[in-house]
Each structure stands twice: as structure tokens, then as C-alpha cells.
Amino acid sequence: MSGPRSSIVKRSVLLSGHRTSVSIEGPFWDALKVIAQARGMSLNGLVTSIDAARQGENLSSAIRLAVLAHYRAMAPVAPPTESAGAPAQGAAG
């Protein structure tokens, strides 16, 4: 079963005085704009900060991970789930 598809959207951003193209899904661009606005930053400013903090991944992946981290930080903390291979507590072993 597949979920709704999002088209990749290519946009040009300015990083350290140089234009570069970034290709990510539309909903990630939308979320990035919301995050930038909430932080009082321009979109280019936010992308520049993500670019400076990335650790080896390409810029598109770094942007997706930054958006994910932002929304994870906002989510309520859920109790940890059991590991796939670990027996449930109280299970006979």
C-alpha cells in the first residue's frame, strides 16, 4: 500500500553568497517556511544554518532531518516501545 505522493520541488537558495539548487518535497518546503518564520529568520538564513550544521549528509537530506528534528522536539514524549527482538516484561523465558 502506498501513501500520497509529493512531488519534488527544486528551488534556488543563497548560501554564503552563492546560489545553489535544493530539491525536496513540497511539504518540506512548506514546513521549512513555517520554521523560519517562527524563528524570525529568512528561508535562506535557515537553510544557511542547516548547511553549516550538517555532518556529511547532502543538503536536501540535512533539510529533511532538520524539519523532522523540529517537529519531533514539539511532539509529546511517548513511552519507549519494546525492542523488536526483546521479550516482553513478565514473559516466561
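Modeller: Before we start, a definition: helices are DSSP runs of H or I with at least four residues, strands are runs of E with at least two, and both are numbered from the N terminus. In this model, which is predicted, Ser60 lies in helix H3.

Colleague: How many helices and strands does the chain have, and what pattern does the chain follow along the sequence?

Modeller: The chain has three helices and two strands, and, read along the sequence, these elements follow the pattern β-β-α-α-α.

Colleague: Which residues does Ser60 contact, leaving aside its neighbours within four places in sequence?

Modeller: With those neighbours left aside, Ser60 is in contact with Val22, Ser23 and Ile24. A polar atom of the Ser60 side chain lies 3.0 Å from the backbone oxygen of Ser23. Because its relative accessible area is 16%, Ser60 counts as buried, the cut-off for that word being under 20%.

Colleague: Is Ser16 buried or exposed?

Modeller: Ser16 is found in the loop between S1 and S2, and, because its relative accessibility is 65%, Ser16 counts as exposed.

Colleague: What is the phi of Ser16?

Modeller: The general idea is that most residues other than glycine have a negative phi. In this structure, phi of Ser16 is near 50 degrees, which is a positive value in a residue other than glycine.

Colleague: How is the packing of two helices described, and at what angle do H1 and H2 pack?

Modeller: Two packed helices are described by the angle between their axes and by the distance between those axes. For H1 and H2 the angle is about 100 degrees, and their axes are 9 Å apart. That angle makes H1 roughly perpendicular to H2, since the range for that description is 65 to 115 degrees. On the H1 side, the contact is made by Trp29, Leu32, Lys33, Ile35 and Ala36, and on the H2 side by Leu43, Leu46, Val47 and Ile50. Divided by class, the residues of this contact are eight nonpolar, no polar and one charged.

Colleague: At what angle do H2 and H3 pack, and which residues of the two helices meet?

Modeller: Helix H2, residues 43-53, and helix H3, residues 59-74, pack at an angle of about 105 degrees, with their axes 9 Å apart. That makes H2 roughly perpendicular to H3. Val47, Ile50 and Asp51 of H2 meet Leu59, Ala62, Ile63 and Ala66 of H3, and by class this contact has six nonpolar, no polar and one charged residues.

Colleague: Which residues touch the most other members of the largest nonpolar core?

Modeller: A nonpolar core is a set of buried nonpolar residues joined through side-chain atoms within 4.5 Å. The largest one here has 16 residues, and Val22, Leu32, Val47 and Ile63 touch the most other members. The elements that give two or more residues to this core are strand S1, S2, helix H1, H2 and H3, and H1 gives the most, with five residues.

Colleague: Is Leu32 buried or exposed, and which residues does Leu32 touch?

Modeller: Leu32, which is found in helix H1, is buried, because its relative accessible area is 1%. Not counting residues up to four places away in sequence, Leu32 touches Leu43, Leu46, Val47, Ile50, Ile63 and Val67. His70 is 38 residues away from Leu32 along the chain, and the C-alpha atoms of these two residues are separated by 9.6 Å. Ile63, with its neighbours within four places left aside, is in contact with Val22, Ile24, Leu32, Val47 and Ile50.

Colleague: With which side chain does the side chain of Glu25 make a polar contact?

Modeller: Glu25 has its place in strand S2, residues 18-25, and its side chain makes a polar contact with the side chain of Arg64, at 2.9 Å. Leaving aside neighbours within four places in sequence, Glu25 is in contact with Ser6, Ser7, Ile8, Val9 and Arg64.

Colleague: What percentage of the residues in the chain is buried?

Modeller: Buried residues make up 22% of the 93 residues in the chain. Among the contacts with a separation of 6 or more, 36% are accounted for by residues 24 or more positions apart.

Technical notes
Residues are numbered from 1 along each chain as its sequence is written. This is a predicted model: local features need pLDDT of at least 70, side-chain atom pairs count only at pLDDT 80 or more; totals for chains, interfaces and linings use all residues. Side-chain values use heavy atoms; hydrogens and water are left out. Axes are lines fitted to C-alpha atoms, for helices over the stretch in contact, and angles run from 0 to 180 degrees between N-to-C directions. Angles under 35 degrees count as roughly parallel, over 145 as roughly antiparallel, 65 to 115 as roughly perpendicular and the rest as oblique. Contact means heavy atoms within 4.5 Å. Ala, Val, Leu, Ile, Met, Phe, Trp, Tyr, Cys and Pro count as nonpolar, Asp, Glu, Lys and Arg as charged, and the others, Gly among them, as polar. A polar contact is a pair of N or O atoms within 3.5 Å; within protein, one must be able to donate a hydrogen and the other to accept it, and residues adjacent in sequence count only if both atoms are side-chain atoms. Buried means under 20% relative accessible area, exposed over 50%, partly exposed in between (1.4 Å probe, protein chains only).
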